[in-house]
Amino acid sequence: MERIQEIDFQDQRLIPIWERVQRGERIERKEGLLLFQTWDLMALGKMADFAKRKKISGLSGLNGDVAYFIIDRQINPTNICVYTCKFCDFAVRPWDEKAYEMTLQEILSKLSPEIREVHIVGGLHPKWKFDQYLNILREIKVHFPTIQIKAWTAVEIAFFSKIAKIPVEKVFERLLDAGLNTMPGGGAEVFSERVRQALFKQKIGAKDWLRIHRIAHGMGIRTNATLLYGHMETYEERVDHLVKLRELQDETGGFLTFIPLTFQPGHTGLVKRQASALEDLRTLAASRLLLDNFPHIKAYWVMLGEDTAGVGLHFGADDIAGTIGEERIAHAALAKSPVGLTRERLLEMIRGAGRTPVERDTYFNILRVYNGHHIPPPWPRVGRV
Ligand code: V47
Ligand code: SF4
């Protein structure tokens, strides 16, 4: 049992919420909004940290001080996309000089047996057949049977269903047969029709995104969820997004982790600058407190930056993502973080935040707890590209 800590509240409006959190009761919509409005970030962080410790010790039997990481590799097979979402700097048209399509050989050359998870997501190619996407999974499983595959967002699943003219259930059947393990959380953006119309109107909205994840969960596929914030969404829209995810999780229990994605403005001109670190920490903490039925909250260092991600481990996050290898989506939008990190650097970040590193697989099975065991410096900082 986690020790109940004292919090010195500057914003007294948070006290009833803290009482609820200690009793393990659910936070309602109005209280959720207050979490986004309060200036009392320290109290918010302490409440979220309490909720995180309780959740993690309950789930894993480990001390709630731990933070997870994974040895993974991101692959974005193509940046050619039929859609033109206004927030996206990654996608290009086929004739663009930055357009690329990776061959199977190129994809396989990026992998090695020590990688635990490959995260595959990319553009919606105008010419590729569903079989080409399936082949990527099949070949990875043939050459690297121990690598777990986290692939294709709900947006891509809807696209496969359309190009192959088969229902979503059949799409998943064929993906499972080809080697799919889990599904990433992208493409959710923010569940607001107002924002969808303004920024990504060609893409599926809340109803379809949630329907596809519901089907995946029903077929035994664990999935993740995201929120893209820091563009034109309101706090009410962020809360609504989180409540919708919580409702689906109540129904299915299929979500593994939630990843708030802080918008990288890049060349889009949508906002002058990225959300502040305080806004990032607030969003992590509010997510931990509102998503009381989600096992994990991820501080994605790629978009947050290494320093904010480390502090995020005190604001409700219990996972700092992975080595990644070669990130392209955020970096097309001028993200300042490295494109990949080494295991040693992730250990250093977690220990620097005063947490105990725990290496995991795609399902959050624990592979190794790094208690007390230190790898001596000098540590390589950036992963192999
Ligand atoms: O769906 C696109 C977002 C997502 C930008 O499931 C942007 O473990 C910020 O979903 N700034 C793809 N975000 C990435 C994603 C993800 C990342 C890490 C872990 C997991 C997981 C999933 O990235 C897209 C879109 O929402 N995105 N452009 C941008 N400029
Ligand atoms: Fe295409 Fe996804 Fe970018 Fe939209 S966000 S343009 S669907 S790659």
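Which residues of α6 are buried? I looked them up: Ala-154, Val-155, Glu-156, Ile-157, Ala-158, Phe-159, Phe-160 and Ser-161. I noted that buried means under 20% relative accessible area, exposed over 50% and partly exposed in between, with a 1.4 Å probe and protein chains only.

A word on the ground rules. This is a predicted model, in which local features need pLDDT of at least 70 and side-chain atom pairs count only at pLDDT 80 or more, while totals for chains, interfaces and linings use all residues. Residues are numbered from 1 along each chain as its sequence is written, chains are lettered from A and ligands numbered from 1 in the order in which they are written, and side-chain values use heavy atoms, with hydrogens and water left out.

**Entry: helix α6.** I read helices (H or I, at least four residues) and strands (E, at least two) as DSSP runs, numbered from the N terminus.

**Entry: two positive phi values.** Lys-165 follows α6 and is found in the loop between α6 and α7. Its phi is positive, about 55°, although Lys-165 is not a glycine. At 74% relative accessibility, Lys-165 counts as exposed. I found Phe-364 in the loop between β9 and β10 (366–369), and at 8% relative accessibility it counts as buried.

**Entry: strand β1.** Strand β1 (residues 66–70) is mostly covered, with 5 of its 5 residues buried. I saw Val-66, Tyr-68 and Ile-70 point one way, and Ala-67 and Phe-69 the other way. Which strand pairs with β1 over 4 bridges? That is β9 (residues 356–360), in the parallel sense; strands pair if DSSP finds at least two bridges between them. Val-66 stands opposite Thr-356 in β9. I also found 2 bridges joining β1 to β8 (residues 319–322), which run parallel, and Ile-70 stands opposite Gly-322 in β8.

**Entry: ligand 2.** Around ligand 2 I listed Cys-81, Tyr-83, Cys-85, Phe-87, Cys-88, Ala-91 and Lys-203, where a residue qualifies if one of its heavy atoms lies within 4 Å.
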